[in-house]
Amino acid sequence: MKIKHYLLSTALCISAAAYSQDFIPAYDRFSGKETSYLTLEDGTKIEGTLEDLDRRKGLIEEVTIKDANGKKWKFTPDKIKSMYLMPSGFSKFSTNMDVGTKVKKWDATYIDSEIIKKGYAYFEKANVAVKKEPEMLLMQLLNPGFNSKIKVFHDPFAAETMRVGFGGMTMAGGDDKSYYVQIGDNVAKKLKKKDYDDEYKVLYSACPTLLKKVGEKVRWTEFSKNVYEYTFECQ
């Protein structure tokens with residue numbers, strides 16, 4: 001019992017440190033027991049349990065859902081408009097602790113805030129410049145509550161400053177060294193940690209007040225805070 005208590009206490013400390021930002025954590029493992037919610041490109045809504053999530057080099061290639069009647073449905077990303085998946089195991093526990101304190105305001109009318117607050121990860125179709133030509137990919141949105149001006153997607157190829165193993169699972173903790181960022185309806189492009197000092201003036205060019213506030217003290221660890229402020233404090 002002492003060992004379990006120690007592990008839980010350690011995990012709680014790790015959680016507090018790892019999730020200090022306002023972005024929802026990125027996950028790579030999802031529950032096969034909790035309900036998953038998919039909206040297809042034709043508007044059809046599918047609910048069921050996640051049977052399989054096929055990925056290649058971090059990118060989603062196929063999603064298999066089993067509905068209430070036991071029928072399995074397989075969808076490739078081109079058929080899916082958006083989806084909510086529940087992280088598995090300890091990831092779910094950590095998310096439920098954290099999300100409620102992060103989403104103080106909500107400006108995304110098309111995303112269900114109640115589902116997000118339960119701990120779900122949200123994915124949507126995005127035009128992403130992964131290589132030379134943009135591709136339509138299913139990406140996890142990390143700022144579902146404040147994305148009306150800038151959308152920040154998880155970079156499945158990003159190296160992180162810290163990753164933590166717990167109970168045979170890997171939590172996507174720490175600060176990603178890159179994200180895919182979409183301004184308005186433009187193509188989502190990779191933003192790297194090392195480039196933030198130069199790129200922040202472009203990202204927030206429509207808000208001189210924020211640029212003045214940030215000044216020369218540009219910090220990658222405050223990226224989510226900057227996006228949040230840009231969303232709610234800049235007209």
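Buried means under 20% relative accessible area, exposed means over 50%, and partly exposed is in between, with a 1.4 Å probe and protein chains only. By that rule F146 and Y228 are both buried. This is a predicted model, in which local features need pLDDT of at least 70 and side-chain atom pairs count only at pLDDT 80 or more, while totals for chains, interfaces and linings use all residues. Residues are numbered from 1 along each chain as its sequence is written, and side-chain values use heavy atoms, with hydrogens and water left out. Helices (H or I, at least four residues) and strands (E, at least two) are DSSP runs, numbered from the N terminus.

**Largest pocket**

- A pocket is an open set of points on a 1 Å grid over the protein atoms alone, where a 1.4 Å probe fits, with protein on both sides within 12 Å along at least five of seven lines.
- The largest pocket holds about 380 Å³ of space, where a volume is the space filled by probe spheres set on the points, and grid points are joined across faces, edges and corners.
- Its lining numbers 16 residues, and T39, K45, S82, Y110 and Y122 lie nearest the centre; a lining residue has an atom within 4 Å of a point.
- Strands β1 (35-40), β2 (45-56), β5 (80-85) and β6 (121-128) each give at least two residues to this lining.
- By class, the lining has seven nonpolar, two polar and seven charged residues. Ala, Val, Leu, Ile, Met, Phe, Trp, Tyr, Cys and Pro count as nonpolar, Asp, Glu, Lys and Arg as charged, and the others, Gly among them, as polar.

**Aromatic pairs**

- Rings of Phe, Tyr and Trp (its six-membered ring) pair if their centres lie within 6.5 Å; planes under 30 degrees apart count as stacked, over 60 as edge-to-face and the rest as tilted.
- The model has 18 aromatic pairs by this rule.
- Y110 and Y122 form an edge-to-face pair, because their ring centres are 6.5 Å apart and their planes stand at 65°.
- This pair links distant parts of the chain, 12 residues apart: Y110 is in the loop between α2 (89-102) and α3 (113-117), and Y122 is in strand β6.
- Y110 is partly exposed at 41% relative accessible area, whereas Y122 is buried at 3%.
- F146 and Y228 also pair edge-to-face, because their ring centres are 5.1 Å apart and their planes are at 70°.
- F146 lies in the loop between β7 (135-140) and β8 (150-154) and Y228 in helix α6 (residues 223-233), so this contact ties together parts 82 residues apart in sequence.
- One aromatic cluster is made up of F23, F146, Y179, Y196, Y200, W220, F223, Y228 and F232.

**Charges over rings**

- A charge sits over a ring if NZ of Lys or CZ of Arg is within 6 Å of the ring centre and within 35 degrees of the ring normal.
- The charged end of K71 is over the ring of W73, at 4.2 Å from its centre.
- K149 lies over the face of Y230, 5.2 Å from the ring centre.

**Salt bridges**

- A salt bridge is a side-chain nitrogen of Lys or Arg within 4 Å of a carboxyl oxygen of Asp or Glu, and the count by this rule is eight.
- K125 and E41 form a salt bridge, with the closest N and O atoms 2.8 Å apart.
- K125 is in strand β6 and E41 in the loop between β1 and β2, so the bridge ties together parts 84 residues apart in sequence.
- K125 is buried at 16% relative accessibility, and E41 is partly exposed at 42%.
- E51 bridges to K72, with the closest N and O atoms 3.5 Å apart; E51 is in strand β2 and K72 in strand β4 (residues 72-75), 21 residues apart.
- E51 is partly exposed at 33%, and K72 is exposed at 53%.
- A network of salt bridges links E51, K66 and K72.
- R219 bridges to E222, with the closest N and O atoms 3.9 Å apart.

**Loop residues**

- K57 has a positive phi of about 55° although it is not a glycine, and lies in the loop between β2 and β3 (59-66).
- K57 is exposed, with a relative accessible area of 64%.
- P144 is in the loop between β7 and β8 and is buried at 3% relative accessibility.
- P144 and W106 are 38 residues apart in sequence and 8.3 Å apart in space, C-alpha to C-alpha.
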